[in-house]
Amino acid sequence: MNVMPGIAAATLVWAAAAGVADLRTRRIPNTITGAALLTGLVAHTMTSGATGFLDAGSGALWMAALLLPGWWLGWMGGGDVKLMAGLGAWLGVEAAVVALLATLIAGGLMAAGVALRRGTLNRSIVGAAQLASWWVIGARSGAVTPVTSGVRFPFALAAFAGTLIALLLPGGGQG
């Protein structure tokens, strides 16, 4: 996983901008997500030609494809999915997958912290188990989608943390 230092810095700037917007307004504007996606594709195309474009496009597509079911089911916002696609364009496919996994772990920890602070941790854990069970078994059987716990937090902060972790891993920010 090799991301050039300039690309890594730009990725963190986009993630930070989205984090600030999400903290302030609880939304991630299309101007941030769309610009991140477009500039990521352009930057990789300019530095690596068609190969760079394909890597950036694959990173964006993997991020979006893996998170779209969460948006369809109402578990996350569309801005979160678009942000991760934009960050995926900057990271390229290999680093994007690592960043996505790190982001989901960071998001889970953040959600648990919010639930603990609100005194709803037990209910949230039970709800998460029900969602996981439904995802594995119930979705195919036509079972009703379980209701989420309602714990909300600015997901862009988890995206920033996950992106930073991916870039700090050995080889992540080197090019």
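The model is predicted, and its secondary structure consists of 5 helices and 0 strands. In sequence order the pattern reads α-α-α-α-α. Of the 175 residues in the protein, 42% are buried.

**Confidence of the model**

- The mean pLDDT of the protein is 87, and 86% of the residues reach a score of at least 70.
- Among the elements of the protein, helix H5 has the highest mean pLDDT, at 96. The lowest mean, 69, belongs to helix H4, which covers residues 121-141.

**Surface**

- The protein exposes about 9200 Å², and 71% of this area comes from carbon and sulfur atoms.

**Helix H5**

- Helix H5 comprises the 14 residues 155-168.
- The buried residues of H5 are Phe155, Ala156, Ala158, Ala159, Gly162, Thr163, Ala166 and Leu167. Viewed down the axis of H5, these buried residues fall within an arc of 165 degrees, so they line one face of the helix.
- The cover over the buried residues of H5 includes helices H1 and H3.

**Threonine 103, in helix H3**

- Threonine 103 belongs to helix H3, which runs over residues 78-118.
- Is threonine 103 buried or exposed? Threonine 103 counts as buried because its relative accessibility is 0%, below the 20% cut-off for that class.
- Leaving aside residues up to four places away in sequence, threonine 103 touches Met84, Phe155, Ala158, Ala159, Gly162 and Thr163. Phe155, Ala158, Ala159, Gly162 and Thr163 are also listed among the buried residues of H5.
- The side chain of threonine 103 also reaches the backbone oxygen of alanine 99, at 2.7 Å.

**Valine 13, in helix H1**

- Valine 13 is located in helix H1. Valine 13 counts as exposed because its relative accessible area is 55%, over the 50% cut-off for that class.
- Valine 13 and phenylalanine 160 are 147 residues apart along the chain, yet 9.2 Å separates their C-alpha atoms.

**Leucine 68, in helix H2**

- Leucine 68 is part of helix H2. With a relative accessibility of 27%, leucine 68 is classed as partly exposed, a class that lies between the 20% and 50% cut-offs.
- The C-alpha atoms of leucine 68 and lysine 82 lie 9.4 Å apart in space, while the two residues are 14 residues apart in sequence.

**Arginine 26, in the loop between H1 and H2**

- Where is arginine 26 placed? Arginine 26 sits in the loop that links helix H1 (residues 5-25) and helix H2 (residues 30-72).
- Although arginine 26 is not a glycine, its phi is positive, at about 65 degrees.
- The relative accessibility of arginine 26 is 46%, so arginine 26 counts as partly exposed.

Notes
Residues are numbered from 1 along each chain as its sequence is written. This is a predicted model: local features need pLDDT of at least 70, side-chain atom pairs count only at pLDDT 80 or more; totals for chains, interfaces and linings use all residues. Side-chain values use heavy atoms; hydrogens and water are left out. Helices (H or I, at least four residues) and strands (E, at least two) are DSSP runs, numbered from the N terminus. Buried means under 20% relative accessible area, exposed over 50%, partly exposed in between (1.4 Å probe, protein chains only). A polar contact is a pair of N or O atoms within 3.5 Å; within protein, one must be able to donate a hydrogen and the other to accept it, and residues adjacent in sequence count only if both atoms are side-chain atoms. Contact means heavy atoms within 4.5 Å. The expected span of a helix is 1.5 Å times one less than its number of residues. The arc is that of the directions from the helix axis to the C-beta atoms. Accessible areas come from the Shrake-Rupley method with a 1.4 Å probe; for residues, only the protein chains shown count as cover. pLDDT is the predictor's confidence in each residue, from 0 to 100.
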